[in-house]
Amino acid sequence: MKPLDTVLLPLSEIPGLFYAVGIPAAIVVLLGFLFAFIKSTLKRCSSNQVLVKYGMLVGGGQTAKTIHGGATYVIPFVQGFRYLSLDPIQIEIPLRGALSIENIRVNVPSVFTVAIGTDPELMNNASIRLLELSTDEIRKQAEEIIFGQLRQVVASMGIEDINRDRDAFLQHIQNSVEPELKKIGLVLINVNITDITDESGYIDAIGQKAASEAIQQARGDVADEEKKGAIRVADAERERAVEVAGATKLREIGTREAEREQAVRIAELLKEQTVGEKAAERDKAVQIANMLKEQTVGERQAEFQREVQVKDAEREKRVAVAEANASAVDGENIAEAKVATSQAELLVQRAEAYERGEGAKREAEAAVVEIQNRALAKAALAEAERVEAEKRAELEAVAKAEKARIIVDAEAEAEKRRLEAEGEASAIYAKLEAEARGQYEILAKKGEGLKQIVGACGGAREAFQLMMLEHLDNLAETSAQAISNIKFDKVVVWENGTGKDGRSNTADFLHGMTGTLPPMMQVLRDVGGIDVPENLARFMGGDAKGEAPTGKAEENGATLEKADQA
């Protein structure tokens, strides 16, 4: 193996190498030392701790500086540091036999939760009082403080206040304990009173009293709620009954109205049908009358024309006869010579013929006029009958329609009144039925009460006497009121000497007045069962058996005014 060759640098090249390698290495080493120094002096503090820096150069003339959170530099050899934990500390306080303001011993076991405060003043107090102490030692110190203050708070309050007003009790504890704990840097986080008892049983008695009151109140509330529930149920049933009755009433009314409208409509239709039939009958009768009238007029006219033609023929006949006679007269006048005597006869015959002709003519003309007048009268009569028939038909139609309408209205009004009367009768019946039920219930309850009274008194007579005694004051008051307005200023007895049986009027008056007392006492004995003492009966002038008095009232000091006989 070939040995390594040693490289020897010339001395002229060594300074350059030193500057190229040594200086950077030295800087790195220096920076490393500086970093390590800074790291060793920088102290950080977590959120659940308090950093206490003490020693020289703390600043502010203080012996220690407390920091909550963040970091600070601690100068080696001249400064030191410690951490204080902010974790809560639970302290059980089994306080027993503490005297209250009434000198009653009270047991108040409780649990307090304390911790080091984060205010600068509290952290400074904690750094002074608790820096080198363990958690158990801190708990011991706080326990001693809490015991003393808790006894003081109990002694300042009554046992009822402690038991009833827990918030005030806790507030008093906090106001009393917390200032003392702050002196060593602690704060009170929570107080939990486990129980409050006493050795004399006072609190238990209070609890039993409150429980009894609460039970009674609850029972009363339950009874009130049951009563309200029963009332609500009764109200609901009553409202349901009323609503059902109202719905039934509306249904009946609606049914009746529908039936009434149906009847009215049917009546209207029947009326229209009847009116139409009557109108058709009227038109038919009018047409028949017109046809009969035209037939009668035609027949009368034909008869009249026939008679006129007959009369014209007769008239032409007579004219022809007259013309023939005239021709005969002309022939006779021509033959005047022949028949001189017969001319006078001819004139007589002519006059007679003329007279007969004129009479017949007049009679014919009168007959024609009579026939014409008769025909006109018959035509006028037929026309009047036609007009009368038309007017009658019109009036009868209107009257029949009005009659039908009145009948329908009357029937509808009668049906309405009947329905209203039925509704009112139903309401009155329901009201009277309810009142009868109420009276029945009252009489039934009264009968049960009387039955119980009779049973309790041992008989109907004793019960009757007891009830009469209860109402005896009312009877006496009523009797007194009846005669209260009668004024008896004085009693005047007219004395006219010796009366019947040798007694005076005064003796008779007193005998009659006192004679009313025994019946009253007998009534009291029979009705009320009251026996008037014998002495009192004798004092009234009778005896205990109700016999009539013997006129002793005058001897009992009755004042009478006697008058002389007029």
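Student: Among contacts in the protein chain between residues at least 6 apart in sequence, what share joins residues at least 24 apart?

Tutor: Contact means heavy atoms within 4.5 Å. In this chain, 67% of the contacts between residues at least 6 apart join residues at least 24 apart. Keep in mind that this is a predicted model: local features need pLDDT of at least 70, side-chain atom pairs count only at pLDDT 80 or more, and totals for chains, interfaces and linings use all residues. Numbering runs from 1 along each chain as its sequence is written, and side-chain values use heavy atoms, with hydrogens and water left out.

Student: How many helices and strands does the protein chain have?

Tutor: Helices (H or I, at least four residues) and strands (E, at least two) are DSSP runs, numbered from the N terminus. The chain comes to 12 helices and 11 strands.

Student: Okay, now strands. How many bridges pair β6 and β7?

Tutor: Two strands pair if DSSP finds at least two bridges between them. β6 (residues 89-99) and β7 (residues 105-116) have nine, running antiparallel. To trace one, go from glutamine 90 to its bridge partner in β7, threonine 113. The two strands make a hairpin with five residues between them, and in that turn asparagine 103 has a positive phi of about 60°.

Student: And burial? What part of the 566 residues is buried?

Tutor: Buried means under 20% relative accessible area, exposed over 50%, and partly exposed in between, using a 1.4 Å probe and protein chains only. Buried residues are 18% of the 566 here.

Student: Which residues touch the most other members of the largest nonpolar core?

Tutor: A nonpolar core is a set of buried Ala, Val, Leu, Ile, Met, Phe, Trp, Tyr and Cys residues joined through side-chain atoms within 4.5 Å. The largest one has 40 residues, and Val114, Phe169, Ile173 and Leu186 touch the most other members. At least two residues each come from β2 (49-55), β6, β7, α2 (120-129), α3 (135-155), α4 (159-164), α5 (166-182) and β8 (186-193). The top contributor is α3, with six residues. Take phenylalanine 169: beyond its neighbours within four places in sequence, it contacts Val108, Leu150, Val153, Val154, Met157, Ile162 and Ile193.

Student: Which residues of α2 are buried?

Tutor: An α-helix has 3.6 residues a turn, so residues three or four places apart point the same way. In α2, the buried ones are Leu122, Met123, Asn125, Ala126 and Ser127. Their cover includes β2, β3 (64-67), β5 (79-85), β7, α5 and β8.

Student: Over to α7. Is alanine 367 buried or partly exposed?

Tutor: Alanine 367, found in helix α7, counts as partly exposed because its relative accessible area is 25%. From glutamate 307 it is 60 residues away in sequence and 9.6 Å away in space, C-alpha to C-alpha.

Student: Last one: which residues line the largest cavity?

Tutor: On a 1 Å grid over the protein atoms alone, a cavity is a set of points where a 1.4 Å probe fits but cannot get out, and lining residues have an atom within 4 Å of a point. Grid points are joined across faces, edges and corners, and volume is the space filled by probe spheres set on the points. The structure holds one cavity of 30 Å³ or more. The lining of the largest cavity is Glu332, Asn333, Val339, Ser342, Gln343 and Leu346.

Note on methods. 1 Å grid on protein atoms, 1.4 Å probe; cavity = no way out; pocket = protein on both sides within 12 Å on 5 of 7 lines; lining within 4 Å.
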